[in-house]
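This report describes a two-chain model for a reader who has the sequence and coordinates at hand.

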Amino acid sequence: MDDPLVIGGHAFGSRLFLGTGKFASTRTMVEAVKASRTELVTVALRRFNREQAEDDLFGPLSELKNVRLMPNTSGAMNAREAIRAAMLGRELSKSPFVKLEIHPNPHHLLPDPIETYEAAIELARQGFLVLPYIPADPVLAKRLEDVGCSAVMPLGAAIGTGKGLATAEMIKIIVRDTNVPVIVDAGLRSPSDAACALEMGCSAVLVNSAIAAAEQPAAMAAAFKTGVEAGRAARLAGLMPTSEIAQASSPLTSFLSAND
Amino acid sequence: MTKPLPDWLDPERWIALSQCVDKAAIHAAILSENPAERELALMLSPGAGEFLELMARRAQAITRRHFGRTISLYTPLYLSNFCNGGCLYCGIAADRRAKRAVLDEAQLRHEMEAIKKMHLEELVLLTGERMPEADLPYLRECIAIAAEYIHNVNIEVFPMEEQEYRQLADAGCTGVTLYQETYDQAAYERLHRWGDKRDFFKRLDAPDRALRGGLRTIGIGALLGLSDPRFDILCVYRHAKHLLKNYWQAGVSISFPRIRPQMGGFQPDHPVDEKMLAQFIFALKICLPETPLVLSTRESPRVRDGMAGLGISKMSVASKTTVGGYSEDTEESTEQFEISDERGIPEFCAMLRSKGLEPVFKNWDATYRDPAHYAANR
């Protein structure tokens, strides 16, 4: 595996992670997962349904080869609920990963930094590999790294909005200052958004709505794969610096002498 | 006696716009980046009818972004149709010659077993007005029993006090549905002839009390046809905004029950036709992108199939409006209203799938039920 992404000691060949909600059918979702070549998908505990095979997202996902499951706590409104959901998710999936997401407002689904921080402390203590979904807050990211999170997942924009990297300036600071992988989660609309995130130095992106709500989800998943690969390759290749002014061919300062 | 509507609700400033005929203004409203009351009123206007297709497209795109290609399913279960209410439009009002029934514990368990077999995980328990046969202790027990079987138990009953709602939340109730019926006080007085329900403001404030009492979700709506539907939809919108602003952790959903003229039945003063219903749903979706909009089996299969995913992201299915009705040992009773879509779950889900929509039975887990969570809100 060239250039693997390592999270909590586990190596991933793909830097594209997928969410599994919002798809028109389990079949479309599985096709998108396959087309994306992702190796990590997140699935909501609230969509685990052992009573009804057709409604259950967990069963079909657990059969995919080379794809790890990361249960998420979506639906939890506070730390206690998230911790309970994480434990149940671990039991059902046998996965050490948990996407910690706590959104007390069920409409905009923005993450609660205070409850997330408290839950992260407890889950990390219990041996989970915690990937918290957070506001793009550089201080919070450091605090979560300090309590043992395996990565941080700042949002690009609110879930489902497709507004792209609206928080780009904060994400750049998080990337600069954080030692754990930074994964942009939520808000991305296009493969170019994903490429931008990787160019900025983010380690990976997590995408759901942009693929599930596309006209052709599997084709869009493949496009995101390409976008992520291009962004990562560009990051490694070293982007040329941007400049406000043109490089003058005749320097303005050549009249200055070094030995007057 | 009417008294003024509270400022947070009164749509007076915008009501004239809901009759606007300026096409350019209506078109701009539909495409507005930040639609609010003004744009909503314009989109509700008769003149907006000619932009129905544009509104449908925008509503569909918004629905897809926020809810994906999925439709959440639930079903109602009538616990009792005993009622002392005087609602002119209702099939189980006190003066109707209705066959009355109430479920006892054994019957409720049979119903729950039948509902569980249908794989449903979200339920609304219904009663009439507060009666000795179906009072608070009875409801509390029914909720606790239902919650043994499925994850998401809601109620649609009479308005209660905050501490009563809290008892229901503690028993395992997730949410409350309570329609104001109409926000037009004069019509409200005329239509609700006697009883506790005549108190317009006690009903209006009940969603606030329910959310303060620890319920997670609230469903509101107006019974379309009882008064000027444009006035009522503007009020529904403002009511939703009020709840969203004041109870920021609450899930607010909106339903669109519509009364249609029936042979020999109640004749609505302001009938709402299919196109108006669709227009109102699209308009609200454009103004409230993140709010689930609900369509029940009051509507025909044709309308439901067409509206699924066009603003609508949640639907009832396989509904009965008689008491019980899902298990085989149900006694006969009178239904509250006539169901227009009698399809069973396999048939309805096959339709959704053929339209590229995934039926979602379970979208909440009882793991999340944490009464202590609400302590901070009290």
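Which residue in E5(A) is the bridge partner of A:Thr42? The partner is A:Met70. The model is a predicted one, in which local features need pLDDT of at least 70, side-chain atom pairs count only at pLDDT 80 or more, and totals for chains, interfaces and linings use all residues. Residues are numbered from 1 along each chain as its sequence is written, and chains are lettered from A and ligands numbered from 1 in the order in which they are written.

**Strand E4 of chain A**

Helices (H or I, at least four residues) and strands (E, at least two) are DSSP runs, numbered from the N terminus. Two strands pair if DSSP finds at least two bridges between them. E4(A) covers residues 40-44, and five bridges join this strand to E5(A), residues 68-72, in a parallel arrangement. E4(A) also pairs with E3(A), residues 16-19, again in the parallel sense, over two bridges. There A:Gly19 stands opposite A:Thr42. Between E3(A) and E4(A) the chain passes through helix H1 (residues 26-36), and this β-α-β crossover is right-handed: with the strands pointing away from the viewer, the path from the first strand over the helix to the second runs clockwise.

A residue is buried if 20 or more other C-beta atoms lie within 10 Å of its own, exposed if 12 or fewer, and partly exposed in between, with C-beta atoms placed from the backbone. Five of the five residues of E4(A) are buried. Both faces are covered, with A:Leu40, A:Thr42 and A:Ala44 on one side and A:Val41 and A:Val43 on the other.

**The two chains**

The table sets out values for each chain.

| Chain | Helices and strands | C-alpha extent along principal axes | Buried residues |
|---|---|---|---|
| A | nine helices, ten strands | about 85 × 40 × 35 Å | 51% of 260 residues |

Two residues are in contact if their C-beta atoms, placed from the backbone, lie within 7 Å. Among contacts in chain A between residues at least 6 apart in sequence, 61% join residues at least 24 apart. In chain B, residues 24 or more positions apart account for 76% of the contacts with a separation of 6 or more.

**Where the chains meet**

The contact between the chains takes 32 residues from chain A and 27 residues from chain B. On the chain A side, the elements that give two or more residues are helix H3 (79-93) and helix H8 (209-212). H3(A) provides the largest share, five residues. By type, the residues on this side are eleven nonpolar, 13 polar and eight charged. Here Ala, Val, Leu, Ile, Met, Phe, Trp, Tyr, Cys and Pro count as nonpolar, Asp, Glu, Lys and Arg as charged, and the others, Gly among them, as polar.

**The nonpolar core**

A nonpolar core is a set of buried Ala, Val, Leu, Ile, Met, Phe, Trp, Tyr and Cys residues joined through C-beta atoms within 7 Å. The largest has 196 residues, and those with the most contacts inside it are A:Leu100, A:Ile183, A:Val205, B:Met43 and B:Leu125. Helix H12 (residues 274-287) of chain B gives the most to this core, with ten residues.

Leaving aside neighbours within four places in sequence, the contacts of B:Met43 include B:Ile26, B:Met55, B:Ala283 and B:Ile286. B:Phe280 lies in helix H12 of chain B and counts as buried because it has 26 C-beta neighbours inside 10 Å. Not counting residues up to four places away in sequence, B:Phe280 touches B:Leu44, B:Pro229, B:Ile233 and B:Phe256.

**Positive phi in chain B**

Most residues other than glycine have a negative phi. B:His119, though not a glycine, has a positive phi of about 70 degrees. B:His119 lies in the loop between helix H5 (105-117) and strand E2 (122-126) of chain B, and with 19 C-beta neighbours inside 10 Å it counts as partly exposed. B:Glu181 has a positive phi near 75 degrees. The loop that holds B:Glu181 runs between strand E4 (173-177) and helix H8 (185-191) of chain B, and with 24 C-beta neighbours inside 10 Å B:Glu181 counts as buried.
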